Amino acid sequence: MNPPDEGAADELPGVAPRLRDLRRGRGLTLETAAQRAGLSPAHLSRLETGRRQPSLPMLLGLARIYGTTVSELLGEKPPERDAIVRGGAFEGAEADGWMYRRAGGSGRAMQALRVRVPYGAQGDLVRVHPGEEWLYVLGGRLRVALGETVHDLDPGDSAHFDSLTPHRIAALDRGGAELLFVHSLLQSPAAELCLGNALHTR
């Protein structure tokens with residue numbers, strides 16, 4: 001078991017209280033929110049007190065449950081329904097080695113992100129939840145497991161799948177992988193269907 005990340009609060013300032021406030025604002029107990037996110041109550045409590053740093057997959061799951069976006073969880077406040085997102089150097093936020101940058105407008109039914117996946121990330125974490133996901137590999141090689149089928153994707157390859165299909169992704173190159181990632185945001189009561197338990201496979 002990994003020790004608490006003492007620098008977590010400094011790396012993602014303000015995330016912990018936002019996670020707590022959003023959970024309480026949705027009327028969810030720590031136990032209920034943790035179960036829906038596939039976390040233990042103790043782990044979610046550590047995230048809410050800043051003693052652990054959430055990974056990007058965790059933030060995606062919590063954003064779905066709370067009906068918000070990763071950008072908003074991390075305190076970014078882009079103009080409401082901004083139709084244009086300018087490019088530029090990749091200077092996204094970091095969450096447990098994952099780097100992301102907003103690639104779509106806010107206040108939409110989908111969230112678009114530009115993501116850098118570190119080598120081996122999420123290789124043993126299987127995720128299941130309502131919605132759809134689409135990803136497009138910009139650089140590096142990515143392994144996408146959908147159910148029992150494993151796909152190795154090269155730059156230019158893409159995947160579009162129902163998120164209720166058990167899935168996991170991992171970067172195959174030591175330099176990591178970069179991708180465009182789009183997922184649907186599901187709010188309550190659809191979130192009642194969330195099956196996002198973290199299942200560990202060999």
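Buried here means under 20% relative accessible area. The legends below describe a predicted model.

View 1. The chain has 6 helices and 11 strands. Of its 202 residues, 45% count as buried. Among contacts in the chain with a separation of 6 or more, residues 24 or more positions apart account for 69%.

**View 2. Helix 5 is largely enclosed by the rest of the structure, because 10 of its 11 residues are buried.** The buried residues are L56, P57, L59, L60, G61, L62, A63, R64, I65 and Y66. The list includes R64. Just after helix 5 comes G67, which takes a positive phi of about 70°.

**View 3. The largest nonpolar core holds 38 residues.** Within this core, L44, L62, Y66, V70, V115 and L135 have the most contacts. Helix 5, residues 56–66, gives the most to the core, with 7 residues. In soluble globular proteins, nonpolar side chains tend to be buried together.

**View 4. Helix 2 packs on helix 5.** Two packed helices are described by the angle between their axes and the distance between the axes. For helix 2 (residues 15–25) and helix 5, the angle is about 30° and the axes are 10 Å apart. Angles under 35 degrees count as roughly parallel, and the two helices are therefore roughly parallel to each other. Their crossing is left-handed. Helix 2 brings V15, L19, L22 and R23 to the contact, and helix 5 brings L59, L62 and Y66. By class, these residues are 6 nonpolar, no polar and 1 charged.

**View 5. Helix 3 meets helix 5 at an angle of about 120°.** The axes of the two helices are 9 Å apart. Helix 3 and helix 5 are therefore oblique to each other. The crossing is right-handed. On the helix 3 side, the residues are A33, R36 and A37; on the helix 5 side, they are L62, I65 and Y66. The contact divides into 5 nonpolar residues, no polar ones and 1 charged.

**View 6. Helix 3 and helix 4 pack with their axes 8 Å apart.** Helix 3 spans residues 30–37 and helix 4 spans residues 41–48. The angle between them is about 105°. The range 65 to 115 counts as roughly perpendicular, and helix 3 and helix 4 are therefore roughly perpendicular to each other. L30, E31, A33 and A34 of helix 3 make the contact with P41, L44, S45 and E48 of helix 4. The classes are 5 nonpolar, 1 polar and 2 charged.

**View 7. R52 sits in the loop between helix 4 and helix 5.** Is R52 buried or exposed? R52 counts as buried, because its relative accessibility is 15%, and the cut-off for buried is under 20%. R52 and A16 lie 36 residues apart in sequence. In space, the C-alpha atoms of R52 and A16 are 9.0 Å apart.

**View 8. G104 lies in the loop between strand 2 and strand 3.** Strand 2 covers 98–102 and strand 3 covers 110–117. With a relative accessible area of 13%, G104 is buried. How far apart are G104 and V182 in sequence and in space? In sequence, G104 and V182 are separated by 78 residues. From C-alpha to C-alpha, G104 and V182 are 8.8 Å apart.

Notes. Residues are numbered from 1 along each chain as its sequence is written. This is a predicted model: local features need pLDDT of at least 70, side-chain atom pairs count only at pLDDT 80 or more; totals for chains, interfaces and linings use all residues. Side-chain values use heavy atoms; hydrogens and water are left out. A nonpolar core is a set of buried Ala, Val, Leu, Ile, Met, Phe, Trp, Tyr and Cys residues joined through side-chain atoms within 4.5 Å. Buried means under 20% relative accessible area, exposed over 50%, partly exposed in between (1.4 Å probe, protein chains only). Helices (H or I, at least four residues) and strands (E, at least two) are DSSP runs, numbered from the N terminus. Axes are lines fitted to C-alpha atoms, for helices over the stretch in contact, and angles run from 0 to 180 degrees between N-to-C directions. Angles under 35 degrees count as roughly parallel, over 145 as roughly antiparallel, 65 to 115 as roughly perpendicular and the rest as oblique. A crossing is left-handed if the near helix is turned anticlockwise from the far one by less than a right angle, and right-handed if clockwise. Contact means heavy atoms within 4.5 Å. Ala, Val, Leu, Ile, Met, Phe, Trp, Tyr, Cys and Pro count as nonpolar, Asp, Glu, Lys and Arg as charged, and the others, Gly among them, as polar.
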